[in-house]
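Here are a few friendly notes to read alongside the coordinates.

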Amino acid sequence: MISNISDAQWMVYNSSAGPYVAVVNTIVFNEVIEIFMQEPTNVAGILLYENATERPDFFSPETQCPNENSVGPDGKCAGDVVWNENGSGLLRRDIPFPIFFLPSSRISEIDKITQCHDRYNLDKDNQKGRPLCSLQLSSFMYAAVNTAVCLRRSATSIFGIAIKMCDPLGDYNVYSSLFPRPKETAKENKQVILVTARMDAASLFDGVAPGAASAVVGLVTLITTAATLSQMIPLSDAPLYNKNVLFTLFNGESYDYIGSQRVAYDISRGVWPPLSPITSKDINLHVELGQLGGSLNLFKDNPNWPLYAYAPYTYAIPPQVTEFLAEMSSYSQSNNMTIESEFSINLPPSSLHSFRKILSNATESGELPEILLVDHVGKFTNKFYQSALDDYESIGYTYHNITISNDGKFISTDDLISNGTMSENEAQVKVARVATSLAHTLYQQIVGTAYTGNISSSAHLVDEMLYCFLRSQACRLLVAADYYSNEDTPPDDRPAPLYVGVAAASTPAALYSGHLLALLTGTHLQVNRTACDKIGTPGFSYYYLRGWNHSGICIQTTMNFSQAISPAFIKPDYNITSAEFSTWTESVWLGLWARVFVRAAGVGARVAAAAGAFATILAAFTTYWLQRHASVIFLTPVADNGAIRSVNC
């Protein structure tokens, strides 16, 4: 049981009955992990548990320059800027022992381990040869060397049986347009404003990747913005305008921007979106919602929430960028927020790097203008980036559990504040204010005039979405957005991990995000499932979801999915060592498990060994003695006279 550095040093250098499993809480983990990494011979594994009453000042296993191999043309952070100054880099290092994680919800397991330890292991000076409380961690993986070797071995077979060792990382991206985009001719092709965010996160531990500040706040802001804008501009007004908005959620961004690399690569080939592809010339402006939630806790006692808009220009700023920033700043001020412009080619880690690398001619010339909206300048405000602690507590979120009406109507933010249900300082209100400002700005970009109506984003909707992604998949929103079936089986009552997974199997994050976009922005048709499946209007997709009253509803939507698999795995004759694209793979592995037991003292084993040796010597002596005295002990056999004896059988 590791409580401080001294315990770790004793275990590594002075213990007598190792190797040991170190039981460490999140408060001291950062202090002791390097001791274990430098001298791992006496470390069998680590059981890390979340301290239920106190949090460390920082906890980030990511590198200090995340995705540095995919940043810009030179493959490194410009100016050697340290964006994630608290990053330990464990996520990218070869760890020679397993590390398991127990969240605070399972702290009772640690209580049992502590009782076992205190009964058998307290005496550190006399552990050899005594019964000891022990932990066994099982985490066998098949991975071999690196991606190139692992894929090559997976492609071979022994005796005609293929043995898979790893799979490429990947999943699905989600996209949805304000107006339908059937196959357009060059004459009627509308310019699009591309609004993007990431939907994935990572951590050291299987099944634990909450990504609250790093991904969820941006994801929720995008979906809320799309829902608000769809109320402000009806589908019937599409012929009136020559611009469209294409909302896109990228998957796999934690691993060298898998999703955005694929979209940028497909745009360069003219095949994305699949139904009605666009080129870089069709993108009027690209606005990315980057990491937004890290500073929410810092400003929990302040109604203001300063944000920063990075634009990668030092001169010749595209007019689309100047215009958008001016409009966004104006709407933000009216919503009690500030947005400060940062003109610099040194962008924080973000999906824009994929476009700047793959579509460099368009981005560097200003043909494809770009803006990145974040909550930090110079370095991350998120102290728990890509870790198990980047959860709802890290953004200061408290669920209000407000009733949703049967028709899916959400209470306005102003009403929630006026009746005292929420305050201006809360995370839900601030996220709703950002979504409102962005929706109003996009309205002005599409329509050409300032928005004067009273439609705004609801903090009630934000409250529900944050609960769905950070607390429980079995929430009302996701149940309503689930595929309709006769079986009433809600999702698991726990947060959905946002880890991208492997290309061979889809994960909940993309499905949930896509269905929420469809439910909140699509048109609800009163037809049965059979009729819904037969509709095929160009530019739309049709999904039969549960709906608000769980009786089934046909959704007409522009939402769809596209592959988030690195171009490295689809490009013919790709050189996997070139580092041009992401080449992350995941090992095939057996189920993880752990058990606690008391190990025998060793006295019994020594007694058994001594008894075995004694029995062996005794048997050898007896055999020798019997051989020497065989003529005395055994009767002399009767001589055979050659008679044939018959036996009736």
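1. Let me start with the link of C532 and C554, which is right-handed, with 75° about the S-S bond. Please keep in mind that this is a predicted model. The S to S distance is 2.1 Å, and both C532 and C554 are buried.

2. In total, the structure holds four disulfides. Another of them is formed by C116 and C133, with sulfur atoms 2.1 Å apart. C116 belongs to helix α3 (residues 107-120) and C133 to strand β4 (residues 132-138), so this pair links distant parts of the chain, 17 residues apart. The torsion about the S-S bond is about 120°, so the disulfide of C116 and C133 is right-handed. Both cysteines, C116 and C133, are buried.

3. C468 and C475 also form a disulfide, and their sulfur atoms are 1.9 Å apart. The link of C468 and C475 is right-handed, with 110° about the S-S bond. C468 counts as buried because its relative accessibility is 1%, and C475 counts as buried at 2%.

4. Do look at helix α7 (residues 319-334) and helix α11 (residues 427-447) too: their axes come within 9 Å and cross at roughly 135°. The two helices, α7 and α11, are therefore oblique to each other, and their crossing is right-handed. Residues making the contact include F324, M328 and Y331 of α7 and V434, L438 and L442 of α11. By class, the contact of α7 with α11 has six nonpolar, six polar and two charged residues.

Conventions
Residues are numbered from 1 along each chain as its sequence is written. This is a predicted model: local features need pLDDT of at least 70, side-chain atom pairs count only at pLDDT 80 or more; totals for chains, interfaces and linings use all residues. Side-chain values use heavy atoms; hydrogens and water are left out. Axes are lines fitted to C-alpha atoms, for helices over the stretch in contact, and angles run from 0 to 180 degrees between N-to-C directions. Helices (H or I, at least four residues) and strands (E, at least two) are DSSP runs, numbered from the N terminus. Angles under 35 degrees count as roughly parallel, over 145 as roughly antiparallel, 65 to 115 as roughly perpendicular and the rest as oblique. A crossing is left-handed if the near helix is turned anticlockwise from the far one by less than a right angle, and right-handed if clockwise. Contact means heavy atoms within 4.5 Å. Ala, Val, Leu, Ile, Met, Phe, Trp, Tyr, Cys and Pro count as nonpolar, Asp, Glu, Lys and Arg as charged, and the others, Gly among them, as polar. A disulfide is a pair of cysteine sulfur atoms within 2.5 Å. Buried means under 20% relative accessible area, exposed over 50%, partly exposed in between (1.4 Å probe, protein chains only).
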